Amino acid sequence: MLNLLSSKSQKRIELGYIWTFTLIAVFTVFLTITGFLLQPNDFRTIAANVLRHPSLFILNGFPVFAGILFFYLIFNNVFFSVSLVSTVFHAASLINRFKIIFRDDPFVPQDVFLGAEAANIMSDTKMKLDFSLIIAVLLFTLAMVVFGIFIKFKKLKMPLKILGCVATIGAVLLANTFVYSSREIYDRMPSKSKAYVAGVFNDVGFNYCFLYNLSAYKMEVPENYSKSAAEKLVKKYTNSKSTPKVKANVIFVMNEAFSDISLDKSFKFGLDDDPLKNFKLIVKEKNSVSGHLVVPNFGGGTANTEFDVMTGMQTLNLSNVPTSSFRLIHRNIKSIARVLGSDSYKNYFMHPGDSWFYNRANVYRFLGVENQTFIEQFKKPEDLKGSLISDKAAGEKIISLYENNTDSGKNPVFNYNVTIQNHMPYTSSKYSGLKVKEVSTDKQLSSQAKTLLSNYFEGVRDADRLLKTLTDYFRERQEPVILVFFGDHKPSLGDNYLAYREAGIDINESGTIEEAMKSREVPYLIWANDSAGNIIDFPSAVLNLGLPADNTISANYLGAIVLELLGYDGYDPYFDFLNELRKELPVITRYNFKTMNGYTDKLSEKQQSLVQDLRIWQYYRMTSDKVN
């Protein structure tokens, strides 16, 4: 197998086929393990997971093996192949390591196209890279090149090389189609929380997770899209800036699973236990307007509603397959926070949950909100109700943040808040040890349905008290304040709509257009204190919005409506476009719509053109639009 060639012109060692494939196997194992070692978590974690689930090693090792084999067939030299594959895989692993350490966000395929943003992130976070690891990778790569110069391999015949390359590419494509893109396989991976994507990368391995994300979070390129077409839309809707009617403080409260299903005739609530007692009174005030938002999801997908409201874009129109909009954000993009921030507003965000959940800490920076408050700021035992931070504690934090950031209107505040108390599950363990009022209904409910509904309505009552606390507080403030209170989605109440069915509540995500829309309707309220309401002339300003008769709109219009009420015309042409689009199509989903004449799945040519403009423009804002 080892032959020393006597010719002076060929004083290189030649290795035969057995050595060749032995080295390919050895380097596959070596590069896979070094990839694990470069992950920022303790190596013992991934090692323990691999020992319990050997398939993890195969899933992470296969792309390494395929890469080495393919380039061996090209170069006819294992060492040259390993040097190239090592450079690519180790560089990607290092980027993933540094990105998780400094941003708690892994390296995903979409990041490949964000070179400029990556440079900005490094500058903004003052990243100090571990150059010893970079040097080690470079030295290993150089060593492989040196070995390749002095050691050669037995030549393969050209037909065999071509056949081998084709077979390798075919195997990779099949693996990507049936293995690496499989959600079923991904869900079986040993990770503590699939929502904490950086944790999944650490627990499961970078190579596998990177390839899974290649298929998992894709943005669809709209039909007839071009950058020039998007720029024409920008130019068409660009107008001179108007002077805002009022620079009011703006407080958004997105309340977990807040809905008005308690209004259904199935329930018999008295004045004392009515879950929406305060909401019903506040919506009748002269400086308030209420209606329903059609949100992207039923029973979950909180971050998708955040995305729609904050950006004016639509999760459902980013891709033709279900996706998480927050996982598609890897660059600075425009939002209502940026519009207000451009006019001296101080932006901040509050959520009494983990910063990594839905990657919020990073996403809100990309949306223009650096000042963030998470669960670490809720340290008192009484902040909890059950196992989650209560709406009462969230309300206290909203007020304290406002008081700490306001300066009597000189620099108004924009505060986006996301509560968590009424998060599912609504099982008996939710408020363990606490007395919860049993739901009142004339329906025959199973004990499971009764428990789910009782615990859920307990959370709605606390949300309703939170609304009263905030309106009472801001009512007394001298400076102008706009409060926007709404739900993120309807609650999931058992498998196959268990509690809904037993209570006789009509809900069906897959039913008629009306039924599908109803399953994703949640209430919203826009309320102004007297200072803001009088300056705006709130009732007249609401009439000028041109809302449909039932005030039902898509969630992505909510932020644009607030900007219009405040008088921020000409500050962002996209939001101005939304305020025009809303009058023609108050509700837009992927395939169904609501015009001023009702729900439909058929649009006029003009309406189709407007929806196409929406999709083109939001793709442009997600991928190309410059953010100051």
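## Aromatic contacts

F107 counts as buried because its relative accessibility is 9%, where buried means under 20% relative accessible area, exposed over 50% and partly exposed in between (1.4 Å probe, protein chains only). This is a predicted model, in which local features need pLDDT of at least 70, side-chain atom pairs count only at pLDDT 80 or more, and totals for chains, interfaces and linings use all residues. Residues are numbered from 1 along each chain as its sequence is written, and side-chain values use heavy atoms, leaving out hydrogens and water.

Across the whole structure, a search finds 48 aromatic pairs. Rings of Phe, Tyr and Trp (its six-membered ring) pair if their centres lie within 6.5 Å; planes under 30 degrees apart count as stacked, over 60 as edge-to-face and the rest as tilted. Two stacked pairs are listed here:

| Pair | Centre to centre | Angle between planes |
|---|---|---|
| F71 and F75 | 6.1 Å | 20° |
| F107 and F206 | 6.2 Å | 10° |

F107 lies in the loop between α4 (78-103) and α5 (115-124) and F206 in helix α10 (residues 206-216), so their pair ties together parts 99 residues apart in sequence. Helices here are DSSP runs (H or I, at least four residues), numbered from the N terminus. F206 is buried too, at 5% relative accessible area.

F71 and F75 both belong to helix α3 (residues 55-75), 4 residues apart, or about one turn of the helix. F71 is partly exposed at 27% relative accessibility, and F75 is partly exposed at 39%.

One aromatic cluster is formed by F21, F27, F30, Y72, F79, F140, F147 and F153.

Technical notes:
Helix = DSSP H or I, 4+ residues; strand = E, 2+ residues; numbered from the N terminus.
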